[in-house]
Amino acid sequence: MKSGRPRENVTDDSTGLPRQRISVLRLGHRRERDKRITSHLGLTARAFGADEVILAGEEDESALETWRTVTTRFGGSFDCRYEAKPMAWLRKFAQDAGDGEPGVIVHLTMYGEPWRAAVGVIERNRPMVVVVGGTKVPGEVFRLATHNVSVGNQPHSEVAALGVFLESFVGPLEESEYFAGGEIRVVPSLDRKKVITSDD
Ligand code: SAM
């Protein structure tokens, strides 16, 4: 398992290939109805090893601001942005992830193949986007996906699905390396809140 993935495109110590950039695409955000869950989705993406969250659906500056603020306070170089045309973006990514070669599209859906099997076969040397839905997910997403992946075949939440998938796919993170440069660092403790601040 990887122990942390430096942000810059350094090579993977085991394969010598460029580290994989992982984005999360949140489809169908509804500004009022999904406010908290979308905010938590981006925080989960960041905390479990994604490099970026792309918000689609209704524009929502408050979600972007939350993610930027947490990244400033707790470190790392997590990116976030709004995408007005997610399906056009996804179609392009399926052909060209930025270097002329196709990206890997993982669509989280309760109808997909079990995630425990998928994490062993999903390509690790190409930029990847993990797609989660909100409102009705267009059938085209299933066709564009390299992998349609389920986290159990029961309906639950995009936050739970993303957290479980990323933890299984990325593995343990060396947080001091991965979230370097923050104003605050939490020190795990058995019985109290312990933090180190940049002033200490
Ligand atoms: N109404 C949406 C649709 O038409 O598919 C689904 C709503 S569901 C609450 C929102 C998202 O959570 C889904 O698009 C999927 O990405 C994710 N999700 C929910 N249950 C899941 C599961 N068992 N496995 C993987 N992803 C799941």
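**Figure 1. Val129 and its neighbours.** Leaving out residues within four places in sequence, Val129 is in contact with Ser23, Val24, Leu25, Trp89, Leu90, Phe93, Val104, Ile105 and Val106, where contact means heavy atoms within 4.5 Å. This is a predicted model, so local features need pLDDT of at least 70 and side-chain atom pairs count only at pLDDT 80 or more, while totals for chains, interfaces and linings use all residues. Residues are numbered from 1 along each chain as its sequence is written, and side-chain values use heavy atoms, with hydrogens and water left out. Val129 sits in strand β5, residues 128–132; helices (H or I, at least four residues) and strands (E, at least two) are DSSP runs, numbered from the N terminus. Is Val129 buried or exposed? Val129 is buried, with a relative accessible area of 0% (buried means under 20% relative accessible area, exposed over 50%, partly exposed in between, using a 1.4 Å probe and protein chains only). Val53 is 76 residues from Val129 in sequence, and their C-alpha atoms are 9.2 Å apart in space.

**Figure 2. The largest nonpolar core.** A nonpolar core is a set of buried Ala, Val, Leu, Ile, Met, Phe, Trp, Tyr and Cys residues joined through side-chain atoms within 4.5 Å. The largest one here has 34 residues, and Leu108, Ile122, Met128 and Phe165 touch the most other members. Elements giving two or more residues to this core include β1 (22–29), β4 (104–114) and α6 (158–170). Helix α6 supplies the largest share, seven residues. There is also a second, separate core of 13 residues, with Leu90, Phe93, Ala94 and Ala145 among them. In soluble globular proteins, nonpolar side chains tend to be buried together.

**Figure 3. A look around Ile122.** Which residues does Ile122 contact, leaving aside neighbours within four places in sequence? They are Val104, Val106, Met128, His147, Val149, Phe165 and Phe169.

**Figure 4. Ser150, tucked into a strand.** Ser150 belongs to strand β6, which runs over residues 147–150. With a relative accessible area of 1%, Ser150 is buried. Not counting residues up to four places away in sequence, Ser150 touches Thr109, Met110, Gly112, Glu113, Pro114 and Trp115.

**Figure 5. Phe48 in a loop.** You'll find Phe48 in the loop between α1 and β2. Phe48 counts as partly exposed because its relative accessibility is 33%. Beyond residues up to four places away in sequence, Phe48 touches Gly163, Leu166, Glu167, Val170 and Leu173. Ser157 is 109 residues from Phe48 in sequence, and 16 Å separates them in space, C-alpha to C-alpha.

**Figure 6. Arg36 on a helix.** Arg36 is part of helix α1. Its relative accessible area is 61%, so Arg36 is exposed. Val130 lies 94 residues from Arg36 along the chain, with 19 Å between their C-alpha atoms.

**Figure 7. Stepping back to the chain.** The chain has seven helices and eight strands. Its radius of gyration is 17 Å, close to the 16 Å that the globule rule gives for 200 residues, so the chain is as compact as a globular protein of that length. (The radius of gyration is taken over C-alpha atoms, and the globule rule is 2.2 Å times the number of residues to the power 0.38.) Along its principal axes, the C-alpha trace spans about 50 × 45 × 30 Å. Of the chain's 200 residues, 42% count as buried.
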